[in-house]
Amino acid sequence: MPTSLTRALAPAAVTAVIVATAALATPTSDAPSAPSPTADRIVLNPTTDNATTQSVTWRSATGVPAPQAQISPDTANPWGFQTTTVAAEETQEQDTDLGYRHAFHSATFTDLEPGTTYIYRVGDGTTWSPWMPFTTSDPSASRTSLIAMGDIQTGIADQWTRVALAATQDRPGARAMITVGDQINNFNNDAQWDQLLTAAGSTPRQMQWIPAVGNHEYRSTDSGELTPQFRGQFDLPDNGPDDFEHFDETVYYTDVDDVRVVTLNSYYRIPLDKADEQRWLDAQAEWLDGVLTDNPREFTIVNMHYPVYSSSPDRANPELRATIEPVLEEHEVDLVLQGHDHAYVSGQRNAAKGRYESGPVFVTSSSSIRQYPLDYSDWLDNGAEIKTAFHSRSTYQLIDVEGRRLTYTAKDSTGQLVDQWTIEHRGDTRKVRHVDGIGVQ
């Protein structure tokens with residue numbers, strides 16, 4: 001259970017925004033060295049209540065006697081810290097494919113003030129990371145920015161770095177980074193996890209990382225074995241359904257300011273029979289319906305790996321579409337972020353009841369160097385209209401919310417705008433408009 005702060009923390013006197021790109025390290029494709037007592041792979045994780053709590057995970061060598069985190073309201077006065085120490089509530093020791101063991105630690109700060117910038121550090125009481133900032137959520141925030149990424153997976157060390165760099169240059173003060181799964185390519189490959197966290201640089205240390213799980217985080221379909229790196233590196237909300245053990249911390253929701261982000265585990269092919277495949281989807285659909293029915297937030301984003309509409313003829317997911325899409329439409333989800341197909345496609349279904357303009361915007365994207373040819377048959381055969389589609393460009397997405405207007409912008413790694421939508425809530429109605437893009441290629 002999270003450990004409460006021993007006293008309430010005052011609001012920050014000074015709000016600091018550190019440009020993430022200044023701290024982006026240069027990644028290497030060499031095998032990483034064994035971890036030391038000094039913390040690395042530091043990640044801010046979403047919680048159910050991001051306005052008053054904040055979770056952080058980090059890695060170290062095994063045997064660290066007292067893993068802990070410290071927090072203070074931000075201040076320009078180097079002697080003015082109001083420091084509170086929180087012990088790590090969980091430590092996981094794991095073997096790696098490189099022959100060494102390492103430990104992942106998790107701590108949670110509680111009793112925080114909404115919309116307030118804090119500084120924190122992690123360590124063992126003697127050896128500490130640098131102080132780093134984060135800002136708690138505020139449902140009444142006038143503006144919120146999020147970054148989103150499609151599959152990362154390959155070319156992490158030398159290519160994804162520039163995508164992450166471009167995104168953080170565009171939105172250095174973003175609240176969170178959403179990724180749609182396949183963060184790495186080979187299951188439990190520690191070199192790839194090291195490349196991922198090195199390439200991300202300071203970004204996940206000062207904005208939350210909201211990941212979906214993809215098929216490449218699993219050993220194989222037959223085994224259904226999730227890499228322990230995923231739950232070690234990410235301490236995610238425990239608010240999902242419990243029908244399958246796989247759902248633990250892979251199906252969850254979190255509220256970032258006035259945006260609800262719901263993450264699904266769409267890898268429904270893990271069960272070995274069709275009945276359990278359908279039960280996998282039915283359980284999440286029922287849970288999703290409840291989460292969206294009792295939703296106080298203005299905007300809703302759903303994040304998952306397998307797409308509702310595939311851009312490859314041999315990757316269609318009719319069971320997923322039949323089970324999940326009706327819930328998305330019923331609750332007028334604003335944006336559905338997906339991956340897996342390694343191309344970029346955005347569009348909407350030509351929904352019944354004349355609701356085309358208010359239907360969810362579906363986006364499939366890849367921030368990876370792995371790109372696949374396009375085929376539009378799954379979209380067209382199921383009444384969906386494509387507005388932008390291409391491959392052979394690594395992209396990132398920006399989501400900006402001001403009041404009752406959400407602007408979604410996709411750019412490639414050079415910063416060129418490739419797609420843009422606006423979603424505006426007016427009274428009880430929604431107006432969805434495709435603003436710009438490079439078309440269907």
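Student: In what order do the strands of the open sheet come, and is the pairing parallel, antiparallel or mixed?

Tutor: Seven strands make up the open sheet, ordered β11-β10-β9-β19-β20-β21-β22, with mixed pairing. Strands here are DSSP E runs of at least two residues and helices are H or I runs of at least four, both numbered from the N terminus, and two strands pair if DSSP finds at least two bridges between them. This is a predicted model, in which local features need pLDDT of at least 70 and side-chain atom pairs pLDDT 80 or more, whereas totals for chains, interfaces and linings use all residues. Residues are numbered from 1 along each chain as its sequence is written, and side-chain values use heavy atoms, leaving out hydrogens and water.

Student: Switching to the loop, where is Gln 371?

Tutor: Gln 371 sits in the loop between β17 (361-364) and α7 (377-380).

Student: Which backbone oxygens does its side chain reach?

Tutor: A polar atom of the Gln 371 side chain lies 2.8 Å from the backbone oxygen of Ser 368, and the side chain also reaches the backbone oxygen of Arg 393 at 3.5 Å.

Conventions. A polar contact is a pair of N or O atoms within 3.5 Å; within protein, one must be able to donate a hydrogen and the other to accept it, and residues adjacent in sequence count only if both atoms are side-chain atoms.
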